[in-house]
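Here is a short report for a first look at a protein model with a ligand. Please have the structure open as you read.

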Amino acid sequence: MTGPAAPVVSAGEFLNSVVQALYARTRLPQGQRPERLGRLLVVESSRDAARILDEPELFAKNFALVAAFGPSRFNQNGAAWAALRPRTQRAYARAGRPVMLTEISAIYAAELAPATPDAPGIEAALARAALRIFFAAFDLRPDVTPFLAHFAALRQVVSDLQHMSWQGMGALDVDAIRARATAPLQSFTAACADQPAVMATVTRLAGLRPVIPVDAMMADFMTNMFAGIETTTASLAWMIDAMGRSAKVQDALRAEARDPSGEGALLQSFRDECLRMFSPIPFVVREVTADTRLGRHDLARRDLVLLSLVGLHRDPDSWTDPLAFHAARAEFAPGAPPNPAFRPFLSGPRVCGGRRIAEMELTAALRLLVSGFRFESPAADPAFSYALAFRPRFTSGHRVSRL
Ligand code: HEM
């Protein structure tokens with residue numbers, strides 16, 4: 001007997017515990033927080049974060065979960081990343097122009113109108129709208145149902161892959177991870193093949209110089225789609241949960257949302273406060289490519305650092321009353337200077353490629369949600385899940401009614 005067996009922890013539970021640990025450490029005085037989580041140095045000050053984000057060659061993406069689907073702009077560095085990025089970024093730059101807000105609002109309105117007024121019904125409508133907007137960025141208007149059907153399976157695989165990449169990998173593990181990732185990519189490719197316009201777009205993007213194989217572009221396109229939709233719907237789910245916690249805040253938001261001439265200051269502050277408190281990407285991991293110093297730490301090549309957006313967004317040196325939720329937070333008031341510790345989309349060269357689209361989506365969807373529905377949330381903090389994005393789990397205590 002060597003003692004009791006270690007409890008079997010599923011991939012999902014393991015990842016949730018990482019996020020939980022990041023939240024728990026923000027409740028400790030800074031001097032008492034452990035420097036590392038597992039083998040990763042935790043970074044949560046805005047100065048160190050800026051250094052990491054401004055120097056992506058030195059703090060590079062490592063073999064992370066999404067790499068298993070194939071090379072994509074999410075996991076590549078240097079020239080390989082630069083060759084992939086413009087293929088999708090041109091479409092995002094066009095779709096992120098302010099004039100697109102009207103189309104984005106119309107898509108959310110069309111999906112929310114027939115939605116069943118309960119939490120799963122609203123979540124499904126939001127996911128459909130986000131998917132339609134992703135495709136619209138590429139001038140595509142496919143039937144999104146077959147794509148949506150793959151999301152649950154994709155989420156599970158991503159969660160398993162994250163788990164595996166945390167455990168450390170030998171050569172064998174890499175093969176196991178790649179094998180695990182094959183099925184969702186095949187289903188996605190089949191869904192694209194059924195919709196010729198989508199297939200033609202992926203083929204065209206692959207053909208841009210330098211030409212890459214169509215299946216490599218397929219992996220990049222799928223990762224773009226999944227990352228964009230998961231983060232946007234997770235953010236909106238947190239907003240629904242937060243609205244359901246205060247009838248007073250909800251009424252004030254509703255009054256603003258129904259006044260088209262208003263500047264929407266509370267809506268914007270509430271949106272950003274939700275992104276601050278519940279960042280859909282709670283952390284990112286970077287690998288150091290050369291010996292360097294970060295703050296008071298000497299780092300060696302191949303060291304891993306974990307940039308905690310949870311920590312950054314609750315840094316007592318950067319925020320007043322950082323642990324509390326304030327719908328009308330002073331740091332987000334109109335005219336307040338941008339806070340360098342607010343980085344839900346990161347910053348620097350590897351900033352979120354869909355940031356402008358996402359911001360418009362959140363603004364448009366929040367207005368429609370609060371003007372069309374009433375939300376109630378249970379008093380207890382919601383359970384959450386984290387695979388690619390961090391999202392609350394709705395329960396029967398989350399109630400929705402149409403107004
Ligand atoms: C609220 C919604 C969103 C949030 C909070 C968010 C956040 C992020 C974050 C934190 C990253 C950096 C990940 C890392 O470096 O490890 C990222 C990357 C990215 N996001 Fe988003 N995202 C959102 C929505 C979207 C949407 C709607 C799209 C596309 C339509 C999109 C496309 C991308 C792309 C392409 C990258 C990779 C950028 C690169 O390295 O080239 N995101 N996002």
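Residues are numbered from 1 along each chain as its sequence is written.

The average pLDDT (the predictor's confidence in each residue, from 0 to 100) is 91. A score of at least 70 is reached by 92% of the residues. Residues 1-8 fall below 50. Where pLDDT is low, the predicted coordinates should not be read in detail.

The protein has 14 helices and eleven strands, taken as DSSP runs (helices H or I, at least four residues; strands E, at least two). Its C-alpha trace spans about 55 × 55 × 50 Å along the principal axes.

The largest nonpolar core holds 101 residues. Such a core is a set of buried Ala, Val, Leu, Ile, Met, Phe, Trp, Tyr and Cys residues joined through C-beta atoms within 7 Å; buried means 20 or more other C-beta atoms within 10 Å of a residue's own, with C-beta atoms placed from the backbone. M218, M222, L307 and A365 have the most contacts inside this core. Helix α10 gives the most to this core, with 17 residues.

Around the ligand stand 25 residues, each with its backbone-placed C-beta atom within 6 Å of it. The closest are G228, T231, C352, G353 and G354. Helix α10 again gives the most, with six residues. These helices each supply at least two shell residues:

| Helix | Residues |
|---|---|
| α3 | 78-95 |
| α5 | 119-137 |
| α10 | 214-243 |
| α14 | 355-372 |

Note on methods. Predicted model: local features only at pLDDT ≥ 70, side-chain atom pairs only at ≥ 80, totals over all residues. Contact = placed C-beta atoms within 7 Å. Buried ≥ 20, exposed ≤ 12 C-beta atoms within 10 Å, placed from the backbone.
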